[in-house]
Amino acid sequence: MASYILLLIALYVVYKLVFDLIIPVVRASRQVRQQFRSMNEHMQQQANTRPDGRPGPGAQPQKPTQQKASPGDYIDFEEIK
């Protein structure tokens, strides 16, 4: 009779351990891991885009374009001595 009582107490302790500790910890760790992935993807996306909409420094490099200065692009300045 005593062995049945000890067995029931042991089963109850294992049940409480699994459902009150192990399962919530596993769920929380999955949620935190998923949030870290989401945050990392968001940061990568922001790093690859400039505020003006052009690709940032981490984006795929584009071919450099040859720009020619037009006469209206010159800015006159005074030399400081």
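Q: Welcome to this predicted model! Where is the place of M1?
A: Helix α1 covers residues 2–47.

Q: Is M1 buried or exposed?
A: A residue counts as exposed when its relative accessible area is over 50%. The value for M1 is 76%, so M1 is exposed.

Q: What is the accessible area of the nonpolar patch on the surface?
A: M1 belongs to this patch, along with Y4, I5, L6, I9, Y12, V13, Y15 and F19. Together these residues have an accessible area of about 1100 Å².

Q: How far does α1 reach from its first C-alpha to its last?
A: This helix has 46 residues, and at 1.5 Å a residue the expected span is 68 Å. The reach in the model is close to that, at 66 Å.

Q: On which residue is the kink in α1 centred?
A: The helix bends by about 35° at this kink.

Q: Which side chains meet in the salt bridge?
A: Side chains of opposite charge can pair when their charged atoms come close. The structure holds one salt bridge, with 2.9 Å from N to O. The two partners are K16 and D20.

Q: Why are K16 and D20 separated by about one helical turn?
A: An α-helix has 3.6 residues a turn, so residues three or four places apart point the same way. K16 and D20 both lie in helix α1. The reason for the separation is their spacing there: four residues.

Q: What is the relative accessibility of D20?
A: K16 counts as partly exposed at 34%. D20 is also partly exposed, and its relative accessibility is 49%.

Methods: Residues are numbered from 1 along each chain as its sequence is written. This is a predicted model: local features need pLDDT of at least 70, side-chain atom pairs count only at pLDDT 80 or more; totals for chains, interfaces and linings use all residues. Side-chain values use heavy atoms; hydrogens and water are left out. Patches are made of residues with over 30% relative accessible area and no salt bridge: like charges are joined within 9 Å, nonpolar side chains (Val, Leu, Ile, Met, Phe, Trp, Tyr) within 5 Å. Accessible areas come from the Shrake-Rupley method with a 1.4 Å probe; for residues, only the protein chains shown count as cover. A salt bridge is a side-chain nitrogen of Lys or Arg within 4 Å of a carboxyl oxygen of Asp or Glu. Helices (H or I, at least four residues) and strands (E, at least two) are DSSP runs, numbered from the N terminus. Buried means under 20% relative accessible area, exposed over 50%, partly exposed in between (1.4 Å probe, protein chains only). The expected span of a helix is 1.5 Å times one less than its number of residues. The bend at a residue is the angle between axes fitted to the seven residues ending there and the seven starting there.
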